[in-house]
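Welcome, and thank you for taking a look at this structure with me. Please have the sequence and the 3D view open as you read.

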Amino acid sequence: MVEKKITNEMVLNALRRVQDPELHRDVVTLNMIKDIEINGSVVNFRLELTTPACPLSSQIESEARKAVLTLDGVSEVNIKMDARVPNDGRVRNMLSLPIRNAIAVGSGKGGVGKSTIAVNLAVVLAQAGARVGLLDADIYGPNLPTMMGVRYLPPQNNQKIQPAEAYGVKLMSIGFLVKPEQALIWRGPMLHSAIRQFLSDVEWGELDYLVVDLPPGTGDAPLSLAQSLPLSGGVIVTLPQQVSLDDARRGLEMFRQLEVPVLGVIENMSYLEMPDGTILDVFGNGGGMKLAEQAGVSFLGAVPIDPQVRVGSDNGIPVVISNPDSNVSKKLIQISQVIAAKVSIAALQAGLEMRLK
Ligand code: ADP
């Protein structure tokens, strides 16, 4: 019997039938197939996704395997799933930094869970294998060190500032530089230079994602940030009730004015799940979705109230680490994956547009 010789072209042609469900293009056009090796009837290759936090990774893998197995003469397919986060294409020439994507988390007012969302987003991305930095730009209430369970910066070497690290995330906060009880009064220019220093004087290294926890409201900090670093996108966190929604609307407007693409709205403390499974609307839910609809932006999801979240914040163990299987963690993980996918889509579209020009 003559064995049929399988070629790289045959493998690639088979894989052209496999689409990335979010990017709506096939995995070959998207340049995701790398290092094809053919040993007799065994085909090996690497499939490089645009984010390690891709929720559809296993679906794409199984479709790719099926497609190659349909080739005559292929008995086995080994796929190494991998990820390379694309640069969002926005030139970071204001400050030249090796950061592929910067995501700002904002809110109209304080106490809505903005820092909680920022922390859990950063940790989920890092757990998925991405290189992640977390910048606490909430200079009025820098509580990320507490939430991430780190009190001090590591020993410094007099060159660039070495950030702290926890749960695989590099962290910088003004909270490391002032005493907890010290009141922080910032004026515009001082704030601007502090934010620039946090970006340029900190040894972030190469990052796939920098998550920035903005101060609440629409003050100077987002402006300084947007002037120093082109943001890939902004997320607004809100509570479901009307007063919070009005503030959130102003937050969305702020991103628009700063020309920061809006990734969407998250409704936090949306509902309470009772032990018997019934759902209690504490603040009345659905407002975040309505706000997103009215503003023409995406609704990224609703996060329930869960005392574990507060316990995690106080103890320095983010809930996605302390209780990864709880409903609240599942929601936070799902929302983080949606954000990563949206950033990838925007980056890829920018890249494709540049290539097509
Ligand atoms: P912000 O950054 O908007 O000021 P925080 O993230 O600091 O808000 O959250 C305020 C408080 O609410 C914290 O004690 C936090 O642990 C708690 N919290 C946030 N989200 C939730 C949630 N979904 N369930 C329970 N507690 C929460």
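This is a predicted model: local features need pLDDT of at least 70, side-chain atom pairs count only at pLDDT 80 or more; totals for chains, interfaces and linings use all residues.

Residues are numbered from 1 along each chain as its sequence is written, and side-chain values use heavy atoms, with hydrogens and water left out.

Let us begin with the ligand. It is surrounded by 18 residues, and the closest are Gly111, Ser115, Thr116, Pro304 and Ser313; a residue belongs to these surroundings if one of its heavy atoms lies within 4 Å of the molecule. This shell divides into 7 nonpolar, 8 polar and 3 charged residues. In that division, Ala, Val, Leu, Ile, Met, Phe, Trp, Tyr, Cys and Pro count as nonpolar, Asp, Glu, Lys and Arg as charged, and the others, Gly among them, as polar.

| Residue and atom | Distance to a ligand oxygen atom |
|---|---|
| Val112, backbone N or O | 3.0 Å |
| Gly113, polar backbone atom | 2.9 Å |
| Lys114, polar backbone atom | 2.9 Å |

On its own, the ligand has 560 Å² of accessible area, and the protein covers 84% of it; such areas come from the Shrake-Rupley method with a 1.4 Å probe, and for residues only the protein chains shown count as cover. Helix H3 (114–127) and helix H9 (307–315) are the elements that give two or more residues to the shell. Helices (H or I, at least four residues) and strands (E, at least two) are DSSP runs, numbered from the N terminus.

Now for the strands. Why is strand E6 (residues 99–107) described as largely enclosed by the rest of the structure? It is because 8 of its 9 residues are buried, where buried means under 20% relative accessible area, exposed over 50% and partly exposed in between (1.4 Å probe, protein chains only). E6 pairs in the parallel sense with strand E10 (residues 207–213) over 6 bridges; two strands pair if DSSP finds at least two bridges between them. Within this pairing, Ala102 has Leu210 of E10 as its bridge partner. E6 also pairs in the parallel sense with strand E11 (residues 233–238), over 5 bridges, and there Gly106 stands opposite Ile236.

Ile236 leads us onward, for its bridge partner in E12 is Val265. E11 and E12 pair in the parallel sense over 5 bridges. Strand E12 (residues 262–267) has 5 of its 6 residues buried, so it is largely enclosed by the rest of the structure.

Arg46 sits in strand E4 (residues 42–49) and is buried, with a relative accessible area of 18%. Its side chain makes a polar contact of 2.8 Å with the side chain of Asp82. A polar contact is a pair of N or O atoms within 3.5 Å; within protein, one must be able to donate a hydrogen and the other to accept it, and residues adjacent in sequence count only if both atoms are side-chain atoms.

Ser326 is found in the loop between helix H10 (319–322) and helix H11 (327–356). Its side chain reaches the backbone oxygen of Asn323 at 2.8 Å, and a polar contact of 3.1 Å joins it to the side chain of Ser329.

Finally, Glu61 lies in helix H2 (residues 57–69) and is partly exposed, with a relative accessible area of 21%.
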